[in-house]
Amino acid sequence: GYTLKIANSLNNIGRLHMQQEHHEKAADYLTEALQVNNSQDKELSSIIHENLAKLYISAAQYDSALIHAKQTVALSTDFGTKLGEKIGYELMAEIYEELGEFDNAYKSQQKLMAIKDSILNEEKTRQINELQTKYETAQKEKEIALLEKEQEQQVIIRNVFLAGLILIGIIGVLVYNRQRLKI
């Protein structure tokens, strides 16, 4: 019942065979991972297609690589992950360049730049929001510290005022007793 984990493991085994340049074994494992996943997890399917595209690029099978690169872009777009789209367009640009289709390579490169800009904008927006939150938190902490200080000052003033009243009361009683004794 762990089909996604099995598919992920098969994908990882396929990647290891890719790194060892065992292209046939890698293709077998990656294809099996794709079949086991059966589009249950679009992100994993996108990653498997990416690995298949890379495998076919290294084996100089550019037509097959292009099919998988396009699948990577399509699945990443459906899933909403810009990183997958970026990788897919990078692969497509590389494949089109190898095939000598420079117009398509240029178009892929333009889409790649648009995705990179989008990712960069999202990252900058996230960083700005984090900084804004940190700034607002610091301001709130300063406000809280200031209010606490003001409250402490008010307590001190109240206590001094009460001590002064008590002191005036004591002096008044002493003066009254002194006058009574004189009388």
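Visitor: Where is the place of Ala33?
Guide: Ala33 sits in helix H2. Keep in mind that this is a predicted model.

Visitor: Why does Ala33 count as buried?
Guide: Buried means under 20% relative accessible area. Ala33 has 0% relative accessibility, so it counts as buried.

Visitor: What is Ala33 in contact with, leaving aside its neighbours within four places in sequence?
Guide: Contact means heavy atoms within 4.5 Å. With those neighbours set aside, Ala33 is in contact with Ala7, Leu10, Asn11 and Ile48.

Visitor: What separates the C-alpha atoms of Ala33 and Ile6?
Guide: A distance of 7.5 Å. Along the chain, Ala33 and Ile6 are 27 residues apart.

Visitor: Ile48 came up among the contacts of Ala33. Which residues of H3 are buried?
Guide: Ile48 is one of them. Others include Leu44, His49, Leu52, Leu55 and Tyr56. The list also holds Glu50 and Asn51.

Visitor: What makes H3 largely enclosed by the rest of the structure?
Guide: The count of buried residues. H3 has 17 residues, and 12 of them are buried, so the rest of the structure largely encloses this helix.

Visitor: What covers the buried residues of H3?
Guide: The cover includes helix H1 (3–19) and helix H2 (23–37). It also includes helix H4 (62–79) and helix H5 (82–99).

Visitor: How do you know that the span of helix H3 agrees with what it should be?
Guide: Take 1.5 Å times one less than the number of residues. For the 17 residues of helix H3 (residues 42–58), that should give 24 Å. The end C-alpha atoms are 24 Å apart, so the two agree.

Visitor: How many helices and strands does the protein chain have?
Guide: There are 6 helices and 0 strands. Along the sequence the pattern reads α-α-α-α-α-α.

Visitor: How does the radius of gyration of the protein chain compare with that of a compact globule of 183 residues?
Guide: The globule would have a value near 16 Å. The protein chain has 36 Å instead. Its C-alpha atoms fill a box of roughly 125 × 45 × 30 Å along the principal axes.

Visitor: What share of the residues of the protein chain count as buried?
Guide: Of the 183 residues, 26% do. The accessible surface comes to about 13,100 Å². Carbon and sulfur atoms account for 56% of that surface.

Visitor: How far apart are the mean positions of the positive and negative charges?
Guide: They are 18 Å apart, for 21 positive and 26 negative charges.

Terms used:
Residues numbered from 1 in each chain as written. Predicted model: local features only at pLDDT ≥ 70, side-chain atom pairs only at ≥ 80, totals over all residues. Heavy atoms only, no water. Helix = DSSP H or I, 4+ residues; strand = E, 2+ residues; numbered from the N terminus. Rg over C-alpha atoms; globule rule 2.2 N^0.38 Å. Buried < 20%, exposed > 50% of the residue type's maximum accessible area, 1.4 Å probe, protein only. Areas by Shrake-Rupley, 256 points an atom, 1.4 Å probe, with all protein chains shown as cover. Lys, Arg positive; Asp, Glu negative; His and termini not counted. Charge placed at Lys NZ, Arg CZ, Asp CG, Glu CD.
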